[in-house]
Amino acid sequence: MCAVSLLKDEAYRWWTTLTQMVRPECQTWEFFLSEFKKKYVGALYIEERRREFLYLRQGRLTVTEYEREFVRLNKYATEIVPTDEERCKRFEQGLHADIRMYLTAMHIRELSVLVETAHSLERIKEEEQSRRQKGQQKRSQSQYQGQSSAS
C-alpha cells in the first residue's frame, strides 16, 4: 500500500487496472515488484546494468565512488556474485592494482571490511604522494635558491 501511494498518473492507473484482475490475497509485495519490473524495468535495461557491473573498474574514481557504483550495479548482477565472498573478489578485481595487491594477500571475504581496508590503503597512498610532492617542492626551492645566491 505504501508503494502504491507513491505511484502517479499512468503508473497509478496501470496498478489500479492490474489489481482489478487479481484477487486481493495475491496482491503481495512480491507480486507488486514482479509486475512493476515487467512493466517499467525492461530486460534490455537490466542487461545493460549487468554489463556495466561486469566491466566496472575504479579508474579515476575514489574508493568511495567506486563502492557506490559497485553497490548500485550489484543488484542487477546478484546471480553473477551471489555470495559475499564472490562480491569481495569482484570488488577487488576492479580496484587499482596497487590497492588490489595488498587486499588480495589479506583474503578478506566480508565486503564492509574489504571496503574499509581499501579506504585505509587509499588514504596511505594519498599521504605518501603528498609527502613526495612536498619533498620535490623543497628540493626545487633549494635548487632555485642555490642558483640565485650563486648569481
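**View 1. Aromatic pairs in the predicted model.** Searching the whole structure gives 13 aromatic pairs, where rings of Phe, Tyr and Trp (its six-membered ring) pair if their centres lie within 6.5 Å, and planes under 30 degrees apart count as stacked, over 60 as edge-to-face and the rest as tilted. The model is predicted, with pLDDT of at least 70 needed for local features and 80 or more for side-chain atom pairs, while totals for chains, interfaces and linings use all residues. Numbering starts from 1 along each chain as its sequence is written, and side-chain values use heavy atoms, leaving out hydrogens and water.

**View 2. The pair Trp15 and Phe31****.** The ring centres of Trp15 and Phe31 are 6.0 Å apart and the planes are at 50 degrees, so the pair is tilted. Trp15 belongs to helix α2 (residues 9-20) and Phe31 to helix α3 (residues 29-40), so the pair ties together parts 16 residues apart in sequence; helices are DSSP runs of H or I with at least four residues, numbered from the N terminus. Trp15 counts as buried because its relative accessibility is 7%, and Phe31 counts as buried at 18%. Buried means under 20% relative accessible area, exposed over 50%, and partly exposed in between (1.4 Å probe, protein chains only).

**View 3. The pair Phe53 and Phe70****.** This aromatic pair is tilted, with 5.1 Å from centre to centre and 45 degrees between the planes. Phe53 in helix α4 (residues 43-55) and Phe70 in helix α5 are 17 residues apart, and the pair links distant parts of the chain. Phe53 is buried at 1% relative accessibility, and Phe70 is buried at 2%.

**View 4. Ring cluster and charges over rings.** Trp14, Trp15, Trp29, Phe31, Phe32, Phe36 and Tyr40 are linked into a cluster by ring pairs. Lys39 lies over the face of Tyr40, 5.9 Å from the ring centre. Over the ring of Tyr45 sits the charged end of Arg49, 4.5 Å from the centre. The criterion is NZ of Lys or CZ of Arg within 6 Å of the ring centre and within 35 degrees of the ring normal.

**View 5. The largest nonpolar core****.** This core has 19 residues, and those with the most contacts inside it include Phe70, Phe91 and Leu95. A nonpolar core is a set of buried Ala, Val, Leu, Ile, Met, Phe, Trp, Tyr and Cys residues joined through side-chain atoms within 4.5 Å. Helices α5 (63-74), α6 (84-94), α7 (97-106) and α8 (111-150) each supply at least two of its residues; α8 gives the most, with five.
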